[in-house]
Amino acid sequence: TAFWSGGLVSFWATNKFTSSSLFFSASLFLAIGVSLVFFLVKSVGVTFKQAILGSWQWKKALGKLNLVGEDGEPASEDFLMEVFDKM
């Protein structure tokens with residue numbers, strides 16, 4: 001139902017707002033991008049420039065995640081790489 005309702009709303013919006021209807025999508029993607037950059041800066045601890053350019057390293061990010069394994073010990077790098085491989 002979400003697909004159909006979204007399709008009907010977007011059909012109506014593009015007919016009513018013709019040339020300005022793309023501003024909604026553009027602002028939505030801008031908001032997602034900006035929030036992702038701020039998430040990286042706040043949670044992972046990379047600099048703003050590194051988050052914008054994507055120049056931060058995964059090892060630094062993995063260190064900041066601070067995951068704990070099933071035995072209560074910090075998760076090993078092999079375990080984390082296995083998680084990323086499964087994704």
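The largest pocket holds about 160 Å³ of space, a volume being the space filled by probe spheres set on grid points joined across faces, edges and corners. A pocket is an open set of points on a 1 Å grid over the protein atoms alone, where a 1.4 Å probe fits, with protein on both sides within 12 Å along at least five of seven lines, and its lining residues have an atom within 4 Å of a point. The model is predicted, so local features need pLDDT of at least 70 and side-chain atom pairs pLDDT 80 or more, while totals for chains, interfaces and linings use all residues. Residues are numbered from 1 along each chain, and side-chain values use heavy atoms, without hydrogens and water.

Helix H1 (2–17) and helix H2 (22–44) each supply at least two residues of this lining, helices being DSSP runs (H or I, at least four residues). H1 gives the largest share, five residues. Among the lining residues are Val9, Phe17 and Phe24.

Three aromatic pairs occur in the structure, a pair requiring ring centres within 6.5 Å, with planes under 30 degrees apart counted as stacked, over 60 as edge-to-face and the rest as tilted. Phe3 and Trp4 are edge-to-face, at 5.5 Å centre to centre and 80° between the planes. The pair of Phe38 and Phe48 is tilted, because its centres are 6.2 Å apart and its planes at 45°; this pair links distant parts of the chain, with Phe38 in helix H2 and Phe48 in helix H3 (residues 48–53).

Note on methods:
Phe/Tyr/Trp six-rings, centres within 6.5 Å; stacked < 30°, edge-to-face > 60°.
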